[in-house]
Amino acid sequence: MFVHISIHHPKPGAEDALIDSMHRFGAALKGAPGLISVHTLQDAQAGVLVGLALWESREAMMASMMASIGVIMIGTLVAVGLSVPLMAAYWFAPALVVFRDVAPLEAMKASFFACLKNLLPFLVYGVILFVLCLIAMIPIGLGMLIMVPVMMGSIYASYVEIFE
């Protein structure tokens, strides 16, 4: 038997919400291969909540965790895939509204189709921007003080190149 223990120290007044969350987590685990039982324990004097999951073996628990990670990855990919068209619609919309006095919905349509028309450059730009933002986050996010103005300048430069 393998026991997975999680110890939580909730803020005063947040105990019930955490207990509810732990119960939902336990309910989601029910039926997992190798799971024996799930328990939520509370020590009111110490202000501690303890979650116990009893598994047939460590391997059974790890297999269940890996399956969960797969579901999370798929969900993340779906969310990113759905957000890309929305980001494309917002990319040039503020500049079109301000500089060309275009109605907001029309600006979003024009922005989306401009991004779609220039798909390959935007994919390359997005990868480069992602890497630069990761690097900018290394010094406790202070690099973003430089990165954000550079991003705004690059967005304006691409706006001028595409719409002017």
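Student: Is Cys133 buried or exposed?

Tutor: This is a predicted model. Cys133 is buried, with a relative accessible area of 18%. The cut-off for buried is under 20%. Cys115 is buried too, at 7%. No disulfide turns up in a search of the whole structure. The sulfur of Cys133 has its closest cysteine sulfur in Cys115, 16 Å away, and that is too far for a bond. A disulfide needs the two sulfur atoms within 2.5 Å.

H5 gives the most, with nine. By class, the lining has 16 nonpolar residues, one polar and no charged.

H4 spans residues 104-117 and holds Ser111. Ser111 is buried, with a relative accessible area of 0%. Beyond its sequence neighbours up to four places away, Ser111 touches Ala88, Ala89, Tyr90, Trp91, Phe92, Ala93 and Leu96. Its C-alpha atom is 11 Å from that of Ser158, 47 residues apart along the chain.

The second largest pocket has a volume of about 420 Å³. Among its 20 lining residues, His4, Phe25, Leu29, Ala53 and Trp55 lie nearest the centre. Strands S1, S2 and S3 each supply at least two lining residues, as do helices H1 and H2. The lining of this pocket has 12 nonpolar, eight polar and no charged residues.

Conventions: Residues are numbered from 1 along each chain as its sequence is written. This is a predicted model: local features need pLDDT of at least 70, side-chain atom pairs count only at pLDDT 80 or more; totals for chains, interfaces and linings use all residues. Side-chain values use heavy atoms; hydrogens and water are left out. Buried means under 20% relative accessible area, exposed over 50%, partly exposed in between (1.4 Å probe, protein chains only). Helices (H or I, at least four residues) and strands (E, at least two) are DSSP runs, numbered from the N terminus. Contact means heavy atoms within 4.5 Å. Ala, Val, Leu, Ile, Met, Phe, Trp, Tyr, Cys and Pro count as nonpolar, Asp, Glu, Lys and Arg as charged, and the others, Gly among them, as polar. On a 1 Å grid over the protein atoms alone, a cavity is a set of points where a 1.4 Å probe fits but cannot get out, and a pocket is an open set with protein on both sides within 12 Å along at least five of seven lines; lining residues have an atom within 4 Å of a point. Grid points are joined across faces, edges and corners, and a volume is the space filled by probe spheres set on the points.
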